[in-house]
Amino acid sequence: MDDSQSVVESDSGMRWLKTTGDGDYNAYVTCLDKYLNGYHVVRFIILPNGELEEGQEPDKELFDKIEKTILNSLKYDSEYEGKPDYSDAAYTGTHQVKWPFEIPFESSAIKVEEFVDDNGLVVRFKYESPENPSVVYRIELIRDFMHNPEESDGKSYINEHFVNNEDPYKEEGFEVMKIADYEAAMRFNQENIKDEVVIEIPEDKVKQHLVLDMFTFIDSENDADKTDEKNKQKIIDMAAAIAKSAEFTGSPESGE
């Protein structure tokens with residue numbers, strides 16, 4: 001969390017991530033069904049009705065009262081049909097894909113966990129190599145969504161946005177490649193732009209095409225490690241392991 005964020009609790013013990021924006025609004029997000037975790041995400045924002053005059057402060061006491069009222073009045077049914085079993089897997093926000101909490105990789109395993117950020121549920125993958133413990137590799141699935149080629153002149157998402165993109169600056173710096181035999185694109189070591197990997201899962205796995213959009217990170221005190229081609233390949237290999245180990249919920253082969 002940064003300085004603008006904190007965790008607040010309702011009387012029932014449900015925890016919410018609270019973000020204070022420039023002093024004139026508060027935003028809240030939580031996931032239901034499990035302690036700060038789950039599939040259904042709830043968000044709300046408290047802000048004044050109308051613009052504040054210059055130098056005018058919102059009514060903090062009223063903000064606090066609204067916060068407590070909303071947090072303590074929320075009720076929901078936690079036993080719904082099709083509720084996933086969070087004890088054995090980490091799920092994406094769309095609930096289309098799940099992963100085991102450990103993915104075998106090289107001589108160890110990629111650790112998998114879910115967490116809540118401002119935008120909802122995120123799946124984080126982290127690998128610490130026993131051979132090189134000073135470097136930590138992280139991949140965060142920031143969003144997953146469906147792409148229908150029929151609505152894009154038959155083009156896959158990768159084809160439309162990276163191969164034949166009419167706006168050369170929209171997806172600047174991406175290299176098109178194959179990752180685990182899937183169409184993919186990767187941006188690595190672009191100045192002031194986050195490293196990113198996009199993988200498109202074809203229709204034989206899920207309905208339409210499922211796009212996995214992931215930020216990637218190389219954590220090291222040595223800046224040279226963050227631009228090293230060997231470490232770039234390590235990230236690609238991690239992304240391939242992640243794609244190969246994905247279980248597609250509701251697909252014919254999953255039996256759900």
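Strand 3 (residues 25–31) has six of its seven residues buried, so this strand is largely enclosed by the rest of the structure. Buried denotes a relative accessible area under 20%, exposed over 50%, and partly exposed in between, with a 1.4 Å probe and protein chains only. The model is predicted: local features need pLDDT of at least 70, side-chain atom pairs count only at pLDDT 80 or more, and totals for chains, interfaces and linings use all residues. Residues are numbered from 1 along each chain as its sequence is written, and side-chain values use heavy atoms, with hydrogens and water left out.

**Strands and sheets**

- Helices (H or I, at least four residues) and strands (E, at least two) are DSSP runs numbered from the N terminus, and two strands pair if DSSP finds at least two bridges between them.
- Strand 3 pairs with strand 2 (residues 15–21) in the antiparallel sense over five bridges, and six bridges join strand 3 to strand 4 (residues 41–46), also antiparallel.
- Y28 of strand 3 stands opposite K18, and its bridge partner in strand 4 is F44.
- A separate topic is the open sheet of three strands with the order 5-6-15 and antiparallel pairing.
- Strand 5 (90–91) and strand 15 (247–248) stand at the edges of that sheet, each with a single partner strand, so one side of each has no neighbour in the sheet.
- Strand 6 (residues 97–99) pairs with strand 15 over two bridges in the antiparallel sense, and K98 has E247 of strand 15 as its bridge partner.

**Salt bridges**

- Side chains of opposite charge can pair when their charged atoms come close.
- The whole structure contains 14 salt bridges, each being a side-chain nitrogen of Lys or Arg within 4 Å of a carboxyl oxygen of Asp or Glu.
- K18 forms a salt bridge with E67, with the closest N and O atoms 2.9 Å apart.
- Because K18 lies in strand 2 and E67 in helix 1, this pair ties together parts that are 49 residues apart in sequence.
- Both K18 and E67 are buried.
- R143 and D213 meet through their side chains in a salt bridge (2.9 Å, N to O).
- This pair links distant parts of the chain, with R143 in strand 10 and D213 in strand 14 (residues 209–219), 70 residues apart.
- R143 is partly exposed at 41% relative accessibility, whereas D213 is buried at 4%.
- A network of salt bridges links E113, R124, R138, E140 and D219.

**Surroundings of S156**

- S156 is located in the loop between strand 10 (136–147) and helix 2 (157–163), and S156 is buried, with a relative accessible area of 8%.
- The side chain of S156 makes a polar contact with the side chain of E183 at 3.1 Å; such a contact is a pair of N or O atoms within 3.5 Å, where within protein one must be able to donate a hydrogen and the other to accept it, and residues adjacent in sequence count only if both atoms are side-chain atoms.
- The S156 side chain also reaches the backbone nitrogen of N159 at 3.0 Å.
- Apart from neighbours within four places in sequence, S156 is in contact (heavy atoms within 4.5 Å) with H147, E183, E200 and H209.

**Positive phi angles in loops**

- E106, although not a glycine, has a positive phi of about 50 degrees; E106 lies in the loop between strand 7 (102–105) and strand 8 (108–117).
- A180, likewise not a glycine, has a positive phi of about 55 degrees; A180 lies in the loop between strand 11 (174–179) and strand 12 (182–187).
- E106 is partly exposed at 48% relative accessibility, whereas A180 is buried at 19%.
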